[in-house]
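Keep the 3D view open as you read.

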Amino acid sequence: MIKRITGTKDILPDEIRLWQEIETISRRIFSYYNYQEIRPPLVEDVSLFNRSLGETTEIIQKQMFLIPHQDQTYALRPEGTASIVRAYIENNLDKTNAFSKLYYLGPMFRLERPQKGRLRQFHHVGCEAIGCADPSIDVEIIGLADTLLNAFAVNDFCIKLNSLGCPEDRKELKTSLQKKLKDKYNHLCPECQARFNNNVLRILDCKNTSCQEIVKDCAVGSSHLCDACQNHFNAVKEGLRRIGITFTLTEHLVRGLDYYTGTVFEISHSSLGAQDAIGAGGRYDTLVQELGGPSIGAVGFALGIERILLATKITLQDIAKDLVYLIPLGTNAKEKVLELLHHLRKEGIRTETDYEGKSLKGAMRAANEQNARFVLIIGDDELQKESVTIKDMQSSIQDQIKLSDCTEELKKRIA
Ligand code: HAM
């Protein structure tokens, strides 16, 4: 038998309502913040990612799904930001809609070693605000991530915040870090020894405990920030406090993608184990220009849907509470039920029936398995009285109502 690729998942009908709930909540919240959906392709020219994410990043070095095609190489997108910036520039949004607030939902691909919460095909819900450098947008974006997680019933998450500063500040940060780590080079793990020259900032968030011990003494603080970046960061912190968002300043937070400038943040959740980041984001004020667009600021984030589903308190029972299950008892009742089924569905009521003529007990079991909110029973007695028996599956209370009142009564009780 041919099996699915390691690190990918079939999302089965059992789980799909939770996924749809996350998607529905996302679209609703994004609309409150006036973000519009964008759907770039899943496959892009690999050079887009090489240029955006940085040649020395882990994603580019070892996690890309590559598809050679004639003299080109395509890549399945490992993240959304680069594609959205490309789409913004290629479709001249800088001329028609210079400040674009965009959101996206969809699969991303990284050839990682699979483990709990880490897949090779996973899903992002994310957004990018392109065309504004004001700190109020950093605040809006972090506030939006917070609102989304609360709406997903994800509790007790922690927003870690830092600023990398502008490219000059970052250069200074790298040099001062190299100076501080020079004498400790031999004690770094082999991966961090390679990072020392290529990507020294990543040593700060190495998961290796001995590297963590070493960098503990390399407090970077915000001394590398120029006045403008320090003022920007102060405004972000102040704005977050004003709207009641709790955050933890985390000097060692550097993020694994090269495009970040200024504000960076990561949101972690303790229930997730080793892969505890439920989402992350930040500013990338140079990326639009680097990819051929104008020099404009941008900021965004992405949350991992699989990780949201591991942390959410929303259950199927919370969502699937609108199904009405119709049970016919006998042939005449079956005809009436099929009529009623069609009518209720046309009226916008989610309905299902027992098509197979099960016993009352068997049909009730089926209704339970489908998480029905109400069961309607029609037998000879009900047919004669032109009524239906309605059972509330939560309270187990049962009563009879007139068939002609059935639609309105159900709408009232489901609301
Ligand atoms: P990222 O930190 O690479 O950022 O990914 C964001 C989130 O996606 C992570 O925090 C995690 O929840 C989830 N995630 C990442 N890799 C995996 C995986 N292999 N399996 C399951 N979930 C995963 C970005 O991708 C940036 N584009 C975020 C951004 C948007 N920055 C600015 N705008």
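Start at the ligand: one of its oxygen atoms is 2.9 Å from a polar backbone atom of Ala 277. That is a polar contact, meaning a pair of N or O atoms within 3.5 Å; within protein, one must be able to donate a hydrogen and the other to accept it, and residues adjacent in sequence count only if both atoms are side-chain atoms. Phe 301 also uses its backbone: an N or O atom there lies 3.3 Å from a ligand nitrogen. Glu 128 uses its side chain, with an N or O atom 2.8 Å from a nitrogen atom of the ligand.

On its own, the ligand has 660 Å² of accessible area, and the protein covers 96% of it. Such areas come from the Shrake-Rupley method with a 1.4 Å probe; for residues, only the protein chains shown count as cover.

The model is predicted: local features need pLDDT of at least 70, side-chain atom pairs count only at pLDDT 80 or more, and totals for chains, interfaces and linings use all residues. Residues are numbered from 1 along each chain as its sequence is written, and side-chain values use heavy atoms, with hydrogens and water left out.

Which residues come nearest to the ligand? They are Glu 79, Glu 112, Leu 119, His 124 and Tyr 260, out of 27 around it. A residue counts as near if one of its heavy atoms lies within 4 Å. Strand E10 (277-283) is among the elements giving two or more residues to this shell. E10 gives the most, with 6 residues. Strands are DSSP runs of at least two residues (E), and helices of at least four (H or I), numbered from the N terminus.
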